[in-house]
Amino acid sequence: MNQENVRLGSGVNGYVSRPRGSGPFPAVIVIMEAFGITGHIKGVCQRLAKAGFVAVAPDIFHGDVIAYPDMDAAMAKIRSLKDEDMLKDVGMTLDWLAAQREVERRSIGIIGFCMGGRLAFLCNCRFPDRFRAAVCFYGGGIAVEGETDRFGRTPPIHLAAHMQAPIYLGYGADDQGIPPAEHARIAEKLSTLKKRFALAVYPGAGHAFLCEERPNYAPAAAEKAWQESLDFLHAQLEAG
């Protein structure tokens, strides 16, 4: 496995971790939480590389890293972001992956956490012919009640008809910010649209339960959720 900081496109850098060997390998785009390219996000890339994926995390914060305790700064950062700007960064990341010899360009997935979980869902809708799998962990604001979420963003569930790739959504059962009613709205919409999806709720886990750098880290739930998401990615990205 090797890892490095890379330039993904005009004004966009990122962190990439690659498996050993020449490939071609399936690839996964990793979308950060609301804190930037942290040690946790780099660790996700490294674990994906060990599992056989080229993993790249675009720096959609363009250099900013926010300390976990500074929630006010994180919330302000989310409010400053525009979906179209983030989608542009992901599009450049897709183009960068397509130009890498070691990447199987027909086998690209995306995984996101928290803010990144919502963006991963949105990307699966907006780039329907470029992803073969999407994983969204505790992505808030995907299917809120009403026209906009608390940050003024349009819920991406309204674009779900465009989605082609199967999607896996994971939530902590004790996450106070994403209630069961939102899980139900997502499941109802995707089922009505006849989309292929899996939605898992993990007992004993709150928001951000996969992040080993945050107080909400729940090791048992994190281990199970990570393995299930890996199994999902392997099944979708290595098939046929």
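## Helix 2

Let's start with helix 2, whose buried residues are Ala74, Met75, Lys77 and Ile78. Around the axis they cover an arc of only 155°, so they sit on the same side of helix 2. Part of what covers these buried residues is helix 4 (115-126). Keep in mind that this is a predicted model.

## The largest pocket

Helix 2 (residues 71-80) turns up again here: with 3 residues, this helix gives the most to the lining of the largest pocket. The pocket has a volume of about 460 Å³. How many residues line the largest pocket? The count is 21, and the ones nearest its centre are Gly140, Arg150, Phe151, Gly177 and His207.

## The nonpolar core

Now for the inside. The largest nonpolar core takes in 90 residues, and Val30, Leu48, Phe121, Phe131 and Phe209 have the most contacts inside it. Helix 6 (residues 219-237) is the element that gives the most to this core, with 8 residues.

What does Phe121 touch once its neighbours within four places in sequence are left aside? Its contacts are Cys136, Ile142, Pro156, Ile157, Ala160, Met163, Ile167, Leu169 and Leu190.

You'll find Cys114 in the loop between strand 5 (103-113) and helix 4. Tyr138 belongs to the loop that runs between strand 6 (133-137) and strand 7 (167-172).

Are these two buried or exposed? Cys114 has a relative accessible area of 15%, so this residue counts as buried, given that the cut-off is under 20%. Tyr138 is buried too, with a relative accessibility of 0%.

There is also a cis peptide bond to look at, the one joining Gly23 and Pro24, where omega is about 5°. To find it, go to the loop between strand 2 (12-18) and strand 3 (25-31), which is where Pro24 lies.

Methods
Residues numbered from 1 in each chain as written. Predicted model: local features only at pLDDT ≥ 70, side-chain atom pairs only at ≥ 80, totals over all residues. Heavy atoms only, no water. 1 Å grid on protein atoms, 1.4 Å probe; cavity = no way out; pocket = protein on both sides within 12 Å on 5 of 7 lines; lining within 4 Å. Points joined across faces, edges and corners; volume = space filled by probe spheres on them. Helix = DSSP H or I, 4+ residues; strand = E, 2+ residues; numbered from the N terminus. Core = buried A, V, L, I, M, F, W, Y, C linked by side-chain atoms within 4.5 Å. Buried < 20%, exposed > 50% of the residue type's maximum accessible area, 1.4 Å probe, protein only. Contact = heavy atoms within 4.5 Å. Arc of directions from axis to C-beta.
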